Amino acid sequence: MKGIDCSHWQGNIDWKKVKKAGYEFAFCKCTQGLKYKDPTYEKNKKEAREAGLLFGAYHFADVNSAELEAENFLKNVGDIKEGEIVILDYESNVIKDPASWCLRWINYVEKQLGFKPMLYTYDSLLKKYNWSVVSENDNGLWAARYGLQQQNPNPLFKPSTGSWQFYAVWQYCSRGKVDGISGNVDLNTTNMNIEQLKKYGKKTDQCSKCCAVHCK
């Protein structure tokens, strides 16, 4: 099953064309660091849902206070529907123990939303650091490795899974071409079907503080 991830760098996306091109899920940038909110987040969220893609929201870590960065995400993520996924995007080499930092962010967000975020990181960081505190916390892995930047996933370039037994999602290309998007976009694949992927998201009996107003 194919998906994309996006931010303001992709500009104005025609989500109906993305869906028609065979893409089933979309992870959209929500926030970064302590204060930034992606200006396309609300539009992408609304239109990806309307087009019938499984929606996910991610926070890009700047590695300030994990709790304050989590607060920025929680303040801006808005309502999360059943099966939708939240993700921490971690790509930094500036601290010695990134797994502990990520676990602090993850636990803070989980406490508020009531379900476990996924972790995104790339192949070299998975190999360099010990991620067991996150994998043993049962947080799913979204792993990146691009290989030859091919438009279809090449099994020769599957990413490391670090301390995880398997990855949930593989980001295999950062120069993808998708109908409905001008320029490049990240391409993703998963061995799961849509219902299996939803198990990483919000469950039916969970009502998070951030969306309590929508549940009344």
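# Close-up views of a predicted model

**View 1. The buried face of H4 meets several neighbours.** The buried residues of H4 pack against S4, helix H3 (66-77), strand S5 (85-89), strand S6 (118-122) and helix H6 (132-135). Everything shown here and in the views below comes from a predicted model. Look along H4 for Pro 98, Ala 99, Trp 101, Cys 102, Leu 103, Trp 105, Ile 106, Val 109 and Leu 113, which are buried. The helix is 16 residues long, and its first and last C-alpha atoms lie 22 Å apart, close to the 22 Å expected at 1.5 Å a residue. Just past the end of H4 sits Gly 114, with a positive phi of about 90 degrees.

**View 2. Helix H3 and the elements that cover it.** Here you can follow Ala 66, Glu 69, Ala 70, Asn 72, Phe 73, Leu 74, Asn 76 and Val 77, the buried residues of H3. Their cover includes strand S2 (23-32), strand S3 (36-37) and helix H2 (41-51), together with S4, S5 and H4. H3 has twelve residues, so at 1.5 Å a residue it should span 16 Å, and the 16 Å between its end C-alpha atoms agrees. Directly after H3 comes Gly 78, whose phi is positive at about 75 degrees.

**View 3. Tyr 90 and its contacts.** Which residues does Tyr 90 touch, once those up to four places away in sequence are set aside? The list runs through Ala 61, Val 63, Ile 95, Pro 98, Trp 101, Cys 102, Leu 119, Tyr 120, Thr 121, Leu 125 and Trp 131.

**View 4. The largest pocket and its lining.** The space in this pocket comes to about 240 Å³. Sixteen residues line the pocket, and Asp 5, Tyr 58, Asp 89, Glu 91 and Asp 186 are the closest to its centre. Strand S1 (2-6), strand S4 (54-60) and strand S8 (169-176) each contribute at least two residues to the lining. By type, the lining has seven nonpolar, four polar and five charged residues.

View 5. One cavity of 30 Å³ or more is counted in the model. About 30 Å³ of space lies in the largest cavity. Around it you will find Tyr 146, Leu 148, Gln 149, Gln 150, Asn 152, Pro 153, Asn 154, Phe 157, Trp 170 and Tyr 172.

**View 6. Two positive phi angles away from glycine.** Asp 138 lies in the loop between H6 and strand S7 (141-144). Although Asp 138 is not a glycine, its phi is positive, at about 65 degrees. Gln 149, found in the loop between S7 and S8, likewise is not a glycine and has a positive phi, of about 60 degrees. Is each of these residues buried or exposed? Asp 138 has a relative accessible area of 60%, so it counts as exposed. Gln 149 has a relative accessible area of 18%, so it counts as buried.

**View 7. Arg 145 and its surroundings.** Arg 145 belongs to the loop between S7 and S8. Its relative accessibility is 28%, so Arg 145 counts as partly exposed. Leaving out residues up to four places away in sequence, Arg 145 touches Asp 123, Leu 156, Phe 157, Lys 158, Pro 159, Trp 170, Gln 171 and Tyr 172. Ser 174 is 29 residues from Arg 145 along the chain, and their C-alpha atoms are separated by 9.2 Å.

**View 8. Gly 201 and Val 86, brought together from 115 residues apart in sequence.** Gly 201 lies in the segment after helix H7 (194-198). With a relative accessible area of 0%, Gly 201 is buried. From C-alpha to C-alpha, Gly 201 and Val 86 are 7.0 Å apart in space.

Methods: Residues are numbered from 1 along each chain as its sequence is written. This is a predicted model: local features need pLDDT of at least 70, side-chain atom pairs count only at pLDDT 80 or more; totals for chains, interfaces and linings use all residues. Side-chain values use heavy atoms; hydrogens and water are left out. Contact means heavy atoms within 4.5 Å. On a 1 Å grid over the protein atoms alone, a cavity is a set of points where a 1.4 Å probe fits but cannot get out, and a pocket is an open set with protein on both sides within 12 Å along at least five of seven lines; lining residues have an atom within 4 Å of a point. Grid points are joined across faces, edges and corners, and a volume is the space filled by probe spheres set on the points. Helices (H or I, at least four residues) and strands (E, at least two) are DSSP runs, numbered from the N terminus. Ala, Val, Leu, Ile, Met, Phe, Trp, Tyr, Cys and Pro count as nonpolar, Asp, Glu, Lys and Arg as charged, and the others, Gly among them, as polar. The expected span of a helix is 1.5 Å times one less than its number of residues. Buried means under 20% relative accessible area, exposed over 50%, partly exposed in between (1.4 Å probe, protein chains only).
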